[in-house]
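Student: I would like to learn how to read a few features of a model like this one, beginning with the backbone. Could we take them one at a time?

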Amino acid sequence: MTSLKHTRYRQFFPSLNGNNQQIAYLDSAASTQVPEQVLSEIEKYYRQGHANVHRASHSFARNATNAFELARKTIAEFIGAKAQNIIFTSGTTQAVNLLADGLAHLVAEGDHIWLSEMEHHSNLVPWQQLAKRNNAELKVIPVLENGDIDLGYFRQHISDKCKIVAVTHVSNSIGAMQPIPELSRIAHQVGAKIVVDGAQAVAHLDIDVNRLGCDYYLFSGHKLYGPTGIGVLYGTEQALEQIKPSVFGGEMISKVSFEQSTWNTLPYRLEAGTPNIIGAIGLASAVQFLNQFPLKERLSVERSLLNYALQKLEQHPQVELVGKPMMRVGIIAFNLRNVHPQDAATLFDQYNVALRCGHHCAMPLSNTLSPRGSIRLSLGIYSEQSDIDQALDAINKIMELFDD
Ligand code: PMP
């Protein structure tokens, strides 16, 4: 039994203290709170002098460019990558769209794009639209009853018609973790590229893109204690070279005439226009915040808390878990017997418990596992046992209301 005693990470998050002390914030899968360190870094940047990057030679511009490129390096190292392999985007959604447009030339009529049944709409709709445009076929790895993907089905049915495999690392609905190294191996055996949606993984796992063996890895800053509007598209050098630019303008060009234009080198070729400078700086600051704490301790504290919540919910006679994946990270989905998840959401709020209810932007999975939707409890670094207890207490109060 691991002890639940640890650094009180909550103290570093102003939004969870003061007047908000009583809030049990269990919606980190939607967006995480921002630590003081990140807030002051953002303020410091603007106070010390802001300018556009990569252009002027004055000191504000030099400082901004240095901070922006240092942010790229810090974020790259966090996932075991090099700075030149990091493309800044506005988030995971934009990163998937950039790939679905930029890799369209790899997908011919009759080819296959494989997804899993548990994809977030952001890693589904862009591929679906690409398949429609190119007369290709979208293929789906089904989920088993417990919410794990059917790896055997995938192994059996994938063929060299497959050009792209796009899978989530961790399901945003049920927390199921995918065996990415194995999925990468299977995709590469048929010559396909593999895109991994890391939006729900990057704050909760030790990510090393080399160990994962994927071609692309994507995530959003606002689920990693950073600001909104910044995200990352990582790719191996060879994989990034294959992306054709689909957003055109300043920064991404090398030479322009009215007749034609040539493109800049990577990563700038895929970053048209003024980038989200403060977003990158803020996200790098969030990464530095996390790097202060021993990774093993941080992850094991979260695992203990997840196990605690899981055990309590499993034992509760009026709670029905949605999905029981073999490997789970940070997220638990459940329903309360005879209570619609939407009604439950409103009541949880009255007891100062912030949870998310609905289909969690993954309608196909929701339709399979729980058509009426579910309640999702998700953890962040600041989550504590008292938050879980507050949620359990709220469950009991809600069930009393529905008891007749
Ligand atoms: N994929 C997954 C697994 C997610 O959880 C989310 C956010 N809920 C996204 C993609 C989309 O991320 P964003 O809205 O930051 O682009």
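Tutor: Let us begin with the naming: helices (H or I, at least four residues) and strands (E, at least two) are DSSP runs, numbered from the N terminus. Please keep in mind that this is a predicted model.

Student: With those names in hand, where is Pro267 placed?

Tutor: Pro267 is in the loop between strand E10 (261-263) and H9, and the peptide bond that joins Leu266 to Pro267 is cis, with an omega of about 5°.

Student: How many aromatic pairs does the structure hold, and what is the geometry of the pair Phe12 and Phe289?

Tutor: Planes over 60 degrees apart count as edge-to-face. There are 15 aromatic pairs in the structure; the rings of Phe12 and Phe289 have centres 5.8 Å apart and planes at 75°, so this pair is edge-to-face. Because Phe12 lies in the segment before strand E1 (24-25) and Phe289 in helix H9 (residues 277-291), the pair ties together parts that are 277 residues apart in sequence.

Student: Turning to the ligand, where does it sit, and which residues are around it?

Tutor: The ligand sits in the largest pocket, and the residues around it include Thr92, Asn172, Asp197 and His222. This shell divides into one nonpolar, nine polar and two charged residues.

Student: Which polar side-chain atom lies 2.7 Å from an oxygen atom of the ligand?

Tutor: That atom belongs to Ser220, while side-chain N or O atoms lie 3.2 Å from a ligand nitrogen in the case of His120 and 2.8 Å from a ligand nitrogen in the case of Lys223. Of the 400 Å² of accessible area that the ligand has on its own, the protein covers 85%.

Technical notes:
Residues numbered from 1 in each chain as written. Predicted model: local features only at pLDDT ≥ 70, side-chain atom pairs only at ≥ 80, totals over all residues. Heavy atoms only, no water. Near = heavy atom within 4 Å. Polar contact = N/O pair within 3.5 Å; in protein donor to acceptor, adjacent residues only side chain to side chain. Areas by Shrake-Rupley, 256 points an atom, 1.4 Å probe, with all protein chains shown as cover. 1 Å grid on protein atoms, 1.4 Å probe; cavity = no way out; pocket = protein on both sides within 12 Å on 5 of 7 lines; lining within 4 Å. Sits in = over half its atoms within 2 Å of the grid points. Nonpolar A, V, L, I, M, F, W, Y, C, P; charged D, E, K, R; others polar. Phe/Tyr/Trp six-rings, centres within 6.5 Å; stacked < 30°, edge-to-face > 60°.
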